[in-house]
Amino acid sequence: MDYSKCTYISWFKYEESPEIKIFDGDILLVKTGSSYGKSALVENLPHAATINPQSVVLKNMKINTRFFAYQLRTYRVRDEFDKFVSGTAIPTFSQAKLSTVSIYFPSEEEQQRIVSRLDSLSAHVRELEEVTQKTIASSWRATSCRISSTSSRSADGASKSSTRGPLPDSTRT
């Protein structure tokens with residue numbers, strides 16, 4: 001999760017609503033808006049925090065939270081969300097509907113084995129994304145940055161010049 005763009009409420013409001021407080025290990029799930037069904041596992045929370053009304057916090061679960069967080073991202077669960085979402089302009093689903101989602105619940109050992117494997121694969125994907133970004137950035141810097149100037153005449157016959165920025169080599173003929 002990215003905690004760099006937080007907004008804040010008063011401490012009074014924070015203490016008034018304990019059901020919206022979030023802590024490490026909680027799972028946040030968007031229930032309203034175009035990103036309904038997206039979820040995030042709260043980890044390394046830098047300070048006290050709450051959720052907004054478009055989300056629900058899942059806490060104190062009797063399942064490995066990392067396993068559950070991965071499960072919420074599966075096509076099967078996303079399809080279930082799609083089946084019970086209502087509204088067209090602002091799609092939403094209720095917490096009551098959320099409780100009808102069927103969850104795969106293997107033994108604790110199996111949950112941990114699955115989490116370990118998925119964590120390993122996720123780390124590998126992040127490494128590949130970093131390599132891809134670095135490769136793209138270095139090839140972009142290596143592209144020649146020629147600027148060409150052209151002259152033309154305006155409607156009144158005066159000379160005017162323009163400057164165009166660089167084009168990637170692949171667009172030149």
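1. A quick definition to start: two strands pair if DSSP finds at least two bridges between them. Helices (H or I, at least four residues) and strands (E, at least two) are DSSP runs, numbered from the N terminus. Please keep in mind that this is a predicted model, where local features need pLDDT of at least 70, side-chain atom pairs count only at pLDDT 80 or more, and totals for chains, interfaces and linings use all residues. Residues are numbered from 1 along each chain as its sequence is written, and side-chain values use heavy atoms, with hydrogens and water left out.

2. Now for strand 2 (residues 27-30) and its partners. Four bridges join strand 2 to strand 5, and Leu-28 stands opposite Val-57 there. Towards strand 3 there are three bridges, and Ile-27 has Leu-41 as its bridge partner.

3. Is strand 5 (residues 55-58) buried or exposed on its two faces? In a regular strand, side chains alternate between the two faces of the sheet. Here both faces are covered: Ser-55 and Val-57 on one side, and Val-56 and Leu-58 on the other, are all buried (under 20% relative accessible area; exposed is over 50%, partly exposed in between, with a 1.4 Å probe and protein chains only).

4. Finally, have a look at the largest pocket, with a volume of about 860 Å³. On a 1 Å grid over the protein atoms alone, a pocket is an open set of points with protein on both sides within 12 Å along at least five of seven lines, whereas a cavity is a set where a 1.4 Å probe fits but cannot get out; lining residues have an atom within 4 Å of a point. Grid points are joined across faces, edges and corners, and the volume is the space filled by probe spheres set on the points. The largest pocket has 29 lining residues, with Thr-7, Ala-49, Thr-50, Ile-51 and Asn-52 nearest its centre.
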